[in-house]
Amino acid sequence: MAVQNNRIESEVLIAAPVERVWELITRAEHLGRWFGDAGAEIDLRPGGAISLRWHDHATVHGRVEAVAPPRRFAYRWVLTGDPEAEPTPANSTLTEFTLAAEPDGTRVTVVESGFDRLNADAAERAALLDSHTSGWVTELDHLADHAAGVAAGR
Amino acid sequence: MSAAVADPEPAVFAALGDPTRWRLLGTLAQQGEGTATTLAALLPVSRPAVIKHLGVLDRAGLVTRHRTGREVRYRVEPARLEATARQIAAVATAWDRRLAALKALAEQQ
């Protein structure tokens with residue numbers, strides 16, 4: 001896992017062909033097993049609806065953003081406010097899967113981004129879009145430790 | 001699967017998403033305590049802008065403020081930062097776990 005530049009990135013090498021991995025990340029019957037544990041629904045086209053269900057968690061709804069078989073799949077899912085609202089940068093994050101064929105199988109990279117724009121009001125968002133945001137998340141732990149030390153030292 | 005979806009703290013993420021605020025928070029953490037005037041002297045930002053950014057950080061619960069005489073002094077609130085760091089780690093861990101499950105399923109057949 002890596003946390004940088006307001007993105008969370010994780011990757012894995014899978015000993016299976018790209019086409020098989022593509023099926024697993026884009027078909028409802030598979031998504032409902034390895035991602036959700038209580039089923040999933042997906043309309044696999046840009047703008048199509050996606051829903052992921054968990055037994056002990058509310059269903060999460062979203063929208064498919066990109067479908068480029070068998071290399072790239074992206075969707076937004078709604079994390080704040082009305083769970084069935086249309087995904088926007090203010091209520092959802094973007095998740096992007098990239099599949100790359102390698103001699104030993106398929107490398108899957110997933111990037112989830114947009115946490116910094118959640119619930120930002122319009123002015124905040126405009127400011128964020130203008131700025132080249134620094135990699136604040138990598139330094140959060142250090143800053144928290146430092147702040148805790150300063151607080152304890154007085 | 002609990003923590004299947006980590007619940008982000010939107011106000012905190014939005015507050016931290018601005019580079020100037022991030023730098024302001026770092027400076028405040030280093031100083032331990034500061035006023036808009038002392039912070040503006042340490043940063044390439046005007047005092048009114050510092051006040052505005054401190055307001056956003058305050059509303060997100062990332063700093064605390066107290067008044068001594070005519071001055072308002074600010075301090076970083078570490079608990080909130082730590083909670084946010086834990087949430088980000090939880091989101092990242094959730095992805096590691098999901099990809100491990102995907103790998104297991106893909107390699108089954």
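First, conventions. This is a predicted model, in which local features need pLDDT of at least 70 and side-chain atom pairs count only at pLDDT 80 or more, while totals for chains, interfaces and linings use all residues. Residues are numbered from 1 along each chain as its sequence is written, and chains are lettered from A and ligands numbered from 1 in the order in which they are written.

On confidence, the predictor gives the complex an ipTM of 0.72 and a pTM of 0.66. Within chain B, helix H3, residues 36-42, has the highest confidence, at a mean of 95, and helix H1, residues 10-16, the lowest, at 72. Residues 1-8 of chain B have pLDDT below 50, yet in the model this stretch has 20 contacts beyond near neighbours in sequence. A contact here is a pair of residues whose C-beta atoms, placed from the backbone, lie within 7 Å. Where pLDDT is low, the predicted coordinates should not be read in detail.

Now chain A. Its secondary structure comes to 4 helices and 8 strands, in the order β-β-α-α-β-β-β-β-β-β-α-α from the N terminus. Helices (H or I, at least four residues) and strands (E, at least two) are DSSP runs, numbered from the N terminus. Of the 154 residues in chain A, 32% are buried. Buried means 20 or more other C-beta atoms within 10 Å of the residue's own, exposed means 12 or fewer, and partly exposed is in between, with C-beta atoms placed from the backbone.

Please look at strand S8 of chain A, residues 105-113. Strand S2, residues 7-14, pairs with S8(A) in the antiparallel sense over 8 bridges; pairing requires that DSSP finds at least two bridges between the strands. In this pairing A:Glu9 has A:Val111 as its bridge partner, and A:Val12 stands opposite A:Val108. S2(A) has a covered face, made of A:Ile8, A:Ser10, A:Val12 and A:Ile14. A:Arg7, A:Glu9, A:Glu11 and A:Leu13 make up the uncovered face.

S8(A) is also joined to strand S7, residues 92-102 of chain A, by 9 bridges, and these two strands run antiparallel. S7(A) and S8(A) form a hairpin with 2 residues between them. One pair across it is A:Thr95 opposite A:Glu112.

Two local points in chain A. Which peptide bond is cis? The one from A:Pro69 to A:Pro70, with omega near -5°. A:Pro70 sits in the loop between strand S5 (57-68) and strand S6 (72-78). Most residues other than glycine have a negative phi, and most peptide bonds are trans.

The other is A:Glu29, in helix H2 of chain A, residues 28-34. A:Glu29 counts as exposed because it has 11 C-beta neighbours inside 10 Å. C-alpha to C-alpha, A:Glu29 is 6.8 Å from A:Gly39, with 10 residues of sequence separation.

On to chain B. There are 5 helices and 2 strands, running α-α-α-α-β-β-α from the N terminus. Buried residues make up 38% of its 109 residues. Of the contacts in chain B with a separation of 6 or more, 51% are between residues 24 or more positions apart; for chain A that share is 37%.

The buried residues of H2(B) are B:Arg21, B:Trp22, B:Leu24, B:Leu25, B:Leu28 and B:Ala29. They cover an arc of only 160° around the axis, which puts them on the same side of H2(B). That arc is taken from the directions from the helix axis to the C-beta atoms. Just after H2(B), B:Gly32 takes a positive phi of about 85°.

Last, the core. A nonpolar core is a set of buried Ala, Val, Leu, Ile, Met, Phe, Trp, Tyr and Cys residues joined through C-beta atoms within 7 Å. The largest has 52 residues, and those with the most contacts inside it are A:Val21, A:Val108, B:Leu25, B:Leu28 and B:Leu62. Helix H5 of chain B, residues 78-106, gives the largest share of this core, 7 residues. Buried residues of H5(B) include B:Leu81, B:Ile88, B:Val91 and B:Trp95.

Methods:
pLDDT = per-residue confidence, 0-100. Contact = placed C-beta atoms within 7 Å.
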